[in-house]
Amino acid sequence: MPATRETILELFERTGGYLRGHFLLSSGLHSPEYLQCAVVLQYPEHAARLGAELAEALMRLGGRRVPVVVSPALGGIVIGHEVARAMGARAIFTERDASGAMALRRGFRIEAGEQAVVVEDVVTTGGSTREVIEVLRAAGAQVVAAGSIIDRSAGRAEVGAPRVALATLDVLTYPPDHCPLCRQGLPLVKPGSRR
Ligand code: ZN
């Protein structure tokens, strides 16, 4: 049975992955809350459960099992691995090369015509997923669907493939020059580099 949004958020709450404070998002906007997937994914049983649920959602969306799951490093690696386990697929990841471009390294290969899904932990603008999709299409692969544990875009992010998330949030954000938390003098935290 797929988890409801409440159940996913309750899991974040229970494991300490639902952070409150003053956060700098990768979009440059500020926010009073942040879901830190790594905190939840540190527990293999939770990672496995989320991976199984996301695999099911991706197979419903794409209409098939695929032989490979591709994730952007670092945030997508653990959940991509668990989705691949549930699908019986292999799990590979992209990372930045010396020029800063997203690439498959470490001997990872994808065949022309191979079907793939792209998995990451959180979609905010969809930028990382789009970059992975571009790498795969350039290699001749067919991207069937993309998925994430959390969608912070309220469903708005477009990645150029059908997309699904286990929980969709409409996150409260502020532009830096109109941020009440800045005005209160709360220290700004860049999630991922702390905790
Ligand atoms: Zn602020």
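Predicted model: local features only at pLDDT ≥ 70, side-chain atom pairs only at ≥ 80, totals over all residues.
View 1. Strands are DSSP runs of E with at least two residues, helices are runs of H or I with at least four, and both are numbered from the N terminus. Asp121 has a relative accessible area of 16%, so it is buried (buried means under 20% relative accessible area, exposed over 50%, partly exposed in between, using a 1.4 Å probe and protein chains only). Look for Ser148 too: its C-alpha atom is 5.0 Å from that of Asp121, although the two are 27 residues apart along the chain.

**View 2. The largest pocket.** Here you see about 940 Å³ of space. A pocket is an open set of points on a 1 Å grid over the protein atoms alone, where a 1.4 Å probe fits, with protein on both sides within 12 Å along at least five of seven lines; lining residues have an atom within 4 Å of a point. The volume is the space filled by probe spheres set on the points, which are joined across faces, edges and corners. Of the 34 lining residues, Ser26, Tyr34, Gly75, Glu120 and Asp121 lie nearest the centre. Strand 6 gives the largest share of the lining, four residues.

**View 3. The zinc ion.** Four atoms hold on to the zinc ion at 2.0 to 2.4 Å: His22 (NE2), His30 (ND1), Cys179 (SG) and Cys182 (SG). Donors are N, O and S atoms within 2.8 Å of the metal (3.2 Å for Na, K and Ca), and water is not among the atoms, so sites may look incomplete. The angles among the four donor atoms run from 96 to 119 degrees, making the site tetrahedral (four donors with all angles between 85 and 135 degrees). The pair His22, in strand 1, and Cys179, in the loop between strand 8 and helix 6, links distant parts of the chain, 157 residues apart. His22 is buried because its relative accessibility is 3%, and Cys179 is buried too, at 1%.

**View 4. The end of helix 3.** Among the buried residues of helix 3 are His46, Leu50, Leu54 and Leu58.

Technical notes. Residues numbered from 1 in each chain as written. Heavy atoms only, no water. Tetrahedral: all angles 85-135°; square planar, octahedral: opposite > 155°, others 65-115°.
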